[in-house]
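User: I am new to this structure, and I would like to learn how to read its features one at a time. Could you take me through them slowly?

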Amino acid sequence: MTQTGPADWAARWERLTALPLTALSVLFLVVYAAPILWPDLADSWQRVCEATAVLIWLTFWLDFAARLVLAGRRRRFLRDHLFDLAVLVLPVVRPLRALRLITVVLSLSRKAESWARGRLAVYVGATTMLLVLVSALAVLDAERSASGSNISSFDDALWWATVTITTVGYGDYHPVTGTGRFVALGLMIGGIGLIGFVTGSLATWIVERVSARETSATATVADIAALRAEIAALRRQLDPLTPTAGADSHRDSRAAD
């Protein structure tokens, strides 16, 4: 009879909750973005969005607590999920609450490491777009009503997020609040990490292709050498059976007589 350990329970929990948590993450982003994109939204709808965000945040807390209980090594689990814990512990900071969705997508990307590189690239691309979107929403929320701010619309915020994550940094838009600069810091770090990932993946792909070609060429040379050795051995075996060899042997015997 197969025994079920903590690792099996934790894996089963993650399989069961992966899809619902992803759907809740998307809903979280929607209710987070709605009051920012439509500041004139009715107060009742704003309260609905806020209440929904709080309920989803509590659901994430329950998921984190369940995974902690099911984890075999709880200290190691906490050490490996410090970012998730920080996002849950700091619910007052709206950008950090929105970054919970990025955590879910990154978790899905880690699970796809055994997939094909093309499919993993799709996950990385989705993560990049999500990071740009969330950062644009967060910086707009922080900068729209700030004194001296030049980011007053979602178009401006989206442009700023795009040039920041690509490390271009035109400087035409920039945050002036502490929260906005904190978002910019995270976005710049994320941009550098994504560029490093793309560069590393490209270098790995080139090395694998070159290694595969060298291995194939080496195998071909070895096969040719083996075939030549076999042909030489067959020739040595067939030489005594050839007519020329037989006639020479007969002439040698007559000369001896």
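Analyst: What follows goes from the overall fold to the cores, the rings, the charged pairs and the surface. This is a predicted model, in which local features need pLDDT of at least 70, side-chain atom pairs count only at pLDDT 80 or more, and totals for chains, interfaces and linings use all residues. Residues are numbered from 1 along each chain as its sequence is written, and side-chain values use heavy atoms, with hydrogens and water left out.

User: How many helices and strands does the protein chain have?

Analyst: Helices (H or I, at least four residues) and strands (E, at least two) are DSSP runs, numbered from the N terminus. In this case the protein chain has 10 helices and zero strands, so that its elements, read from the N terminus on, run α-α-α-α-α-α-α-α-α-α.

User: What share of the residues of the protein chain counts as buried, and what share of its contacts joins residues 24 or more positions apart?

Analyst: A residue is called buried at under 20% relative accessible area, exposed at over 50%, and partly exposed in between (1.4 Å probe, protein chains only). Of the 257 residues of the protein chain, 28% are buried by that rule. A contact means heavy atoms within 4.5 Å, and among the contacts in the protein chain with a separation of 6 or more, 61% are between residues 24 or more positions apart. Accessible areas come from the Shrake-Rupley method with a 1.4 Å probe, and for residues only the protein chains shown count as cover; the accessible surface of the protein chain comes to about 16700 Å², of which 65% belongs to carbon and sulfur atoms.

User: Which residues touch the most other members of the largest nonpolar core?

Analyst: In soluble globular proteins, nonpolar side chains tend to be buried together. A nonpolar core is defined here as a set of buried Ala, Val, Leu, Ile, Met, Phe, Trp, Tyr and Cys residues joined through side-chain atoms within 4.5 Å. The largest one has 23 residues, of which Leu137, Ala157, Trp160, Ala161, Ile165 and Leu187 touch the most other members. Two or more residues each come from helix H1 (6–37), helix H7 (117–143), helix H8 (154–165) and H9, and the largest share, 10 residues, is given by H7. Another core, of 13 residues, lies apart from this one and has Phe28, Cys49, Phe60 and Phe64 among its members.

User: What does Ile165 contact beyond its neighbours in sequence, and what does Cys49 touch in the same way?

Analyst: Leaving aside neighbours within four places in sequence, Ile165 is in contact with Thr128, Leu131, Val132, Leu187, Gly191 and Leu194. Cys49, whose place is in helix H2, is buried with a relative accessible area of 10%, and, not counting residues up to four places away in sequence, Cys49 touches Val31, Ala34, Pro35 and Leu41. The C-alpha atoms of Cys49 and Val30 are 8.5 Å apart, although 19 residues separate the two along the chain.

User: How many aromatic pairs does the structure hold?

Analyst: A pair of aromatic rings is described by the distance of the centres and the angle of the planes. Rings of Phe, Tyr and Trp (its six-membered ring) pair if their centres lie within 6.5 Å, and planes under 30 degrees apart count as stacked, over 60 as edge-to-face and the rest as tilted. The structure holds five such pairs. In one of them, the rings of Trp61 and Phe64 have centres 6.3 Å apart and planes at 85°, so the pair is edge-to-face. Both residues lie in helix H2 (residues 43–70), three residues apart, about one turn of the helix, yet Trp61 is partly exposed at 30% relative accessible area, whereas Phe64 is buried at 3%. Trp57, Trp61, Phe64 and Phe77 form one aromatic cluster.

User: Which residues form a nonpolar patch on the surface?

Analyst: Patches are made of residues with over 30% relative accessible area and no salt bridge, where like charges are joined within 9 Å and nonpolar side chains (Val, Leu, Ile, Met, Phe, Trp, Tyr) within 5 Å. Leu202, Trp205, Ile206 and Val210 form such a nonpolar patch, with about 370 Å² of accessible area together. Val210 has its place in helix H9 (residues 178–238) and counts as partly exposed at 41% relative accessibility.

Methods: A salt bridge is a side-chain nitrogen of Lys or Arg within 4 Å of a carboxyl oxygen of Asp or Glu.
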